[in-house]
Amino acid sequence: MNVGIRGLQKIFHFGTQIRNYFYNHGLFRVHEINVPVVSVGNITFGGTGKTPTVIKVAEEIRNKGFKAVVISRGYKRWSFFSSIVSDTEKIRMSLRRAGDEPYLLADKLKGIPVLVSKKRINGASKAIKKFNPDIILLDDGFQHRKLKRTVDIVLIDSPEILSNNTLMREPVKNLRRADMVVFTKYDQFKNAEEVHQQMVDRVSCPVFHARYKLLRLKNEHEEQPVSVLDKQTVWLMAGIGKPDYFKHTIEQAGSYVSRTFFYNDHAGYSRWKIRRILKKFESSSAKYLITTEKDWYKL
């Protein structure tokens, strides 16, 4: 990280710490509701695996017999105010109006309502009124201090975070607010156990580790087992945060990735862009053109 960016980060963190001080000392009001609130968040800018973690936690809550509601900000959505993306019956909003991640959550979590709300307290109030949940689950909620949490789960995907050697929303020391830290994507590091121990030594809460598991490939017509990727040449296309782990996951399935088309997180796809990539792919020797589930909805 260059000197200029590091300087800007220090200024940003200074403002963040002032805000946190106000919340810690009661100068900013923290709203407490009568429903337990679980937050899944991070201290970096995207790419740590919040969406699959929210899906996993929501499924576990449901499996235990409790009613959950998921609340997301809905980054880059084409709508305003607090809105219901899905209820217990079906999806109520389009991908563009909901945002790509809330739409993915709604599609994966059948029967679990998903709401979008920039002001999480408004979303929580609406969720309680409409669905009477046992638990409210916040997607990307660590920095949203206005709504009091019962549990804060924070995801970390790189050992560089421990040395402040990456862009972060707030300093590492703020992990003391966390109730649980999860070291995601740990399988891409040769010294993963050492890094995990460093995290255990650094924070005062339980530290777990997690990795992605590739379950299947699917298109409009069929699903195929992961084994079809073995010894195949493939291309990748994605608009996600930190796509290198996507590549790592595909390579772990035995594929050779010969070309990638990686774009910014939440990137949109024009018809021209898609046609250009498909034309190149069709004239190549690659067997598959693979994208992520989040990108698939947009494509």
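Predicted model: local features only at pLDDT ≥ 70, side-chain atom pairs only at ≥ 80, totals over all residues.
A residue counts as partly exposed when its relative accessible area falls between the buried limit of under 20% and the exposed limit of over 50%.

**Stop 1: two lysines with positive phi**

Select lysine 242, in the loop between strand S11 (233-238) and helix H7 (244-252). Its relative accessible area is 36%, and lysine 242 is therefore partly exposed. The backbone deserves attention here: phi is near 55 degrees, a positive value in a residue other than glycine.

Next, select lysine 185, which is not a glycine either, yet has a positive phi of about 60 degrees. Lysine 185 is placed in the loop between S7 and H6. Is this side chain buried or exposed? Its relative accessibility is 3%, so lysine 185 counts as buried.

**Stop 2: from lysine 185 to aspartate 157**

Aspartate 157 belongs to the loop between S6 and strand S7 (180-184), while lysine 185 belongs to the loop between S7 and helix H6 (192-202), so the bridge ties together parts 28 residues apart in sequence. Aspartate 157, too, is buried, with a relative accessible area of 3%.

**Stop 3: a bridge between helices H4 and H9**

Move to glutamate 101 and lysine 294, whose side chains form a salt bridge of 3.1 Å, N to O. Because glutamate 101 lies in helix H4 and lysine 294 in helix H9 (residues 293-298), this pair ties together parts that are 193 residues apart in sequence. Glutamate 101 counts as buried at 17% relative accessibility, and lysine 294 is buried with a relative accessible area of 10%.

**Stop 4**

Select lysine 56 and glutamate 60. The closest N and O atoms of this salt bridge are 3.6 Å apart. What separates the two residues along helix H2? They are 4 residues apart, which means a separation of about one helical turn. Lysine 56 is partly exposed, with a relative accessible area of 48%; glutamate 60 is also partly exposed, at 35% relative accessibility.

For a linked set, select Asp87, Glu89 and Arg92, which are joined in a network of salt bridges. The count for the model comes to 17 salt bridges.

**Stop 4: the largest nonpolar core**

Now hide the surface and select Val70, Val85, Leu105, Leu109, Leu137 and Ile153. Of the 23 residues in the largest nonpolar core, these touch the most other members. Elements that give two or more residues to this core include strand S1 (37-42), strand S2 (68-72), helix H4 (100-108), strand S5 (135-139) and strand S6 (151-156). Which element gives the most? That is H2, with 5 residues.

**Stop 5**

Finally, select Phe12, Phe45 and Leu167. Together they form a nonpolar surface patch with about 300 Å² of accessible area. Phenylalanine 12 lies in helix H1 (residues 3-24) and, at 42% relative accessibility, counts as partly exposed.

Methods. Residues numbered from 1 in each chain as written. Heavy atoms only, no water. Core = buried A, V, L, I, M, F, W, Y, C linked by side-chain atoms within 4.5 Å. Buried < 20%, exposed > 50% of the residue type's maximum accessible area, 1.4 Å probe, protein only. Salt bridge = Lys/Arg side-chain N within 4 Å of Asp/Glu carboxyl O. Patch = residues over 30% accessible without salt bridge, like charges linked within 9 Å, V, L, I, M, F, W, Y side chains within 5 Å. Areas by Shrake-Rupley, 256 points an atom, 1.4 Å probe, with all protein chains shown as cover.
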